[in-house]
Amino acid sequence: MELSKKIKIGLDETRTLILGAQILLGFQFRSAFQDGFDTLPALSRGLDGVALGLMLLAVGLLIAPDPYHRIVEDGNDSGRFHRIVTIFA
């Protein structure tokens with residue numbers, strides 16, 4: 001398979017993964033606003049904050065390849081960029 005097709009598939013896959021990650025991120029944000037969240041032990045609330053931070057990191061890593069391709073690679077396909085997309089996804 002040629003490189004440009006592999007990169008297109010990789011970018012399409014990251015876009016699909018972003019949708020799922022955004023849904024999970026929404027559920028994670030929603031938990032802090034549920035009744036009884038303030039009655040949880042401090043450790044549980046802290047772990048929820050850590051989980052939220054990790055979800056934000058995951059979403060950020062999934063979003064990163066597309067602007068990188070446009071800004072750094074100037075929209076051109078390269079083996080280096082293919083490796084980046086593969087690692088981030």
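User: In helix α1, how many residues apart are Lys8 and Asp12?
Analyst: This is a predicted model, and in it Lys8 and Asp12 are four residues apart in helix α1, which puts about one helical turn between them. The two form a salt bridge whose closest N and O atoms are 2.8 Å apart.

User: And is Lys8 buried or exposed?
Analyst: Lys8 counts as exposed, at 52% relative accessibility, whereas Asp12 is partly exposed, with a relative accessible area of 30%.

User: Which residue does Asp66 form a salt bridge with?
Analyst: Asp66 pairs with Arg15, and the closest N and O atoms of that salt bridge are 3.2 Å apart. Because Asp66 lies in helix α3 and Arg15 in helix α1, the pair ties together parts that are 51 residues apart in sequence. Salt bridges that share partners join Lys8, Asp12, Arg15 and Asp66 into one network, the link between Asp12 and Arg15 having its closest N and O atoms 3.0 Å apart.

User: Switching topic, what covers the buried residues of α1?
Analyst: The cover includes α2 (42-63), α3 and α4, and the buried residues of α1 are Ile7, Gly10, Leu11, Thr14, Ile18, Ala21, Leu25 and Gln28.

User: One last thing, where does Asp74 lie?
Analyst: Asp74 lies in the loop between α3 (65-71) and α4 (79-88), and it is exposed, with a relative accessible area of 59%. Its phi is near 55°, a positive value in a residue other than glycine; most residues other than glycine have a negative phi.

Technical notes:
Residues numbered from 1 in each chain as written. Predicted model: local features only at pLDDT ≥ 70, side-chain atom pairs only at ≥ 80, totals over all residues. Heavy atoms only, no water. Helix = DSSP H or I, 4+ residues; strand = E, 2+ residues; numbered from the N terminus. Buried < 20%, exposed > 50% of the residue type's maximum accessible area, 1.4 Å probe, protein only. Contact = heavy atoms within 4.5 Å. Salt bridge = Lys/Arg side-chain N within 4 Å of Asp/Glu carboxyl O.
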